[in-house]
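Please look at the sequence and structure first.

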Amino acid sequence: MSECRYIKLRSYLESFMFGYHQILLQVVTIAAFCGVVNAQAPVVEPVEEPDRPSIFDGIRRIIGDSPAFDDNDATEGLVESLNHAEKLYEDIRQSNREAIRGINRQVRIGRAKTSPNIILITVPQLRFDQLPAMTRLTGLRTSGMTFTNYYAPAESLAASRWSLMSGQLASTAPQDSQLDRSQSLAEAMWKAGYTTTVIGTWATSQHPIELGYDHWTGFPSSSGVVAKYPEFFFTQSAKAKILNNKNSGQPDSLQMVTNEVNEFLKQHQREPRQFYLHVGLPFIQGSDPQKNIQSVDAALGEIIDSINSLGMGGRVCLMVAGERSHTLSAEIDKPLPVVDKKLSYSKNGLNEGNLRTPLIVFWGNRTPRGSVNDFPCTGIDFFPTLLSLAQAQKRTNGLAGVSLENAFQGKNMRLERLLYWKLEDGSQAARRGRWKVIVPPNKQAIQLFDIESDPEESKNVASEYPDIVQSFIVKSKAKQTSDSEAL
């Protein structure tokens, strides 16, 4: 093909692509402008059709099929221009998607401007008998409120995190713990106008950014346990290799997470937009359990010191909780700190000592100092609680939990609802009010305990209260048909 003919053809195609993108850009601009003007109207994001051939695929077919493009050297520049145009097109599409997503985002005005920054710190496992060794957490308890009937959602970190993120009982989690973005706590907080960030451990195969977080820095870990000196550190979608030089004073993984949190607080000290920060503090692989607890306590102390030194204490609602239940082979034959009662432990992990984990809340002068709250609650309650704290205009429907905002302020929560657990071995437990049932993995008869008068679960009263047992069977089947056949 002659050079003159090639130049004309190339000029035609480039002019076509340039004109096409100018029209597309104008359409996107008009759509975004109209969206801003009509921000109160419902907006539906267009359904993607990834398998539908694009205009660029069509042009590539022309280049591949036409004898006019047999000269590879002559077409190289045209293909390069085509690839560049496609990238511009995808950038515009992505910008359009983000613009559509942000159109219905809540504007933080009026009372919403007074809602607190929210920090949720989770620890892989935390027991009441460990509290005396945690001096910094003890200081936080003295300044805030301790929930003595807070329950870990599940025995695995992935299921517990799914329960927290979805506001649903962990027993309903899918096998892969996947979650739709539209039903995510992070997405709901983002739509409420909050900056959303997670720092530390991440337990599922879904990327945090896919679920509505603006930022993520930390380590993937299905157990919450990470290497002391990890090989990689993740930030957003990047995977950064860490030079493993232990002799140069390199911080371990827990210190790296703590440093990131402190840096985040500095950056957002005077930001007008409130933030929701979830910190997943890790345990160090191979460390003694007591050493891990002491290290976590020191990390909590550094974060608390940062909050105070930056003058943010009056504008923060800080929550600290354990994430997973646990099993112990021996009973602790003494009243537990704060709970002030003996709780039983078992290898099946369904007794009160296994399931209960401390939840400590500090919310400035809103939370009574040094108070104790015995309202039964679990991870499903974080979702509605955070939306309530954020004064979100739009609330997610179908949440299984309830808001604890009133409880945080020392108000009575008069509510009986069913809390339910199912472990991998098939054993089950449920609590409603003062009553709790346990179904062992070998599917023996249901055990019934009066938790208020018998927190040690020493006396099975199922034969004395058959109606109470029957009420659990009916209500459990109504709510958990597929997971509660044994109840």
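**Confidence**

The model is predicted: local features need pLDDT of at least 70, side-chain atom pairs count only at pLDDT 80 or more, and totals for chains, interfaces and linings use all residues. Residues are numbered from 1 along each chain as its sequence is written, and side-chain values use heavy atoms, with hydrogens and water left out.

- The average pLDDT of the protein is 83, and 77% of the residues score at least 70.
- Residues 23-49 have a pLDDT below 50, with 18 contacts in the model beyond near neighbours in sequence.
- Where pLDDT is low, the predicted coordinates should not be read in detail.

**Strand pairing**

- Strands β7 (residues 232-235) and β8 (residues 238-241) pair in the antiparallel sense over four bridges.
- Strands are DSSP runs of E with at least two residues, helices are runs of H or I with at least four, and both are numbered from the N terminus; two strands pair if DSSP finds at least two bridges between them.
- Thr235 stands opposite Ala238 in β8.
- Two residues separate β7 and β8 in this hairpin, and Gln236 in the turn has a positive phi of about 55°.

**Asn354**

- Asn354 belongs to helix α9 (residues 352-355).
- Asn354 has a relative accessible area of 1% and is therefore buried (under 20% relative accessible area, with exposed over 50% and partly exposed in between; 1.4 Å probe, protein chains only).
- The Asn354 side chain reaches the backbone nitrogen of Ser346 at 3.0 Å.
- Residues touched by Asn354, not counting those up to four places away in sequence, include Ser325, His326, Tyr345 and Gly349.

**Aromatic rings**

- The whole structure holds nine aromatic pairs (rings of Phe, Tyr and Trp, the last by its six-membered ring, with centres within 6.5 Å; planes under 30 degrees apart are stacked, over 60 edge-to-face, the rest tilted).
- Phe147 and Phe408 form an edge-to-face pair, 5.9 Å centre to centre with 70° between the planes.
- Phe147 is in strand β2 (residues 145-147) and Phe408 in helix α11 (residues 405-408), so the pair ties together parts 261 residues apart in sequence.
- Both Phe147 and Phe408 are buried.
- Trp202, Tyr213 and Tyr276 form one aromatic cluster.

**Charges over rings**

- The charged end of Arg432 sits over the ring of Phe472, 4.4 Å from its centre (NZ of Lys or CZ of Arg within 6 Å of the ring centre and within 35 degrees of the ring normal).
- Arg434 lies over the face of Trp435, at 5.9 Å from the ring centre.

Note on methods:
Polar contact = N/O pair within 3.5 Å; in protein donor to acceptor, adjacent residues only side chain to side chain. Contact = heavy atoms within 4.5 Å. pLDDT = per-residue confidence, 0-100.
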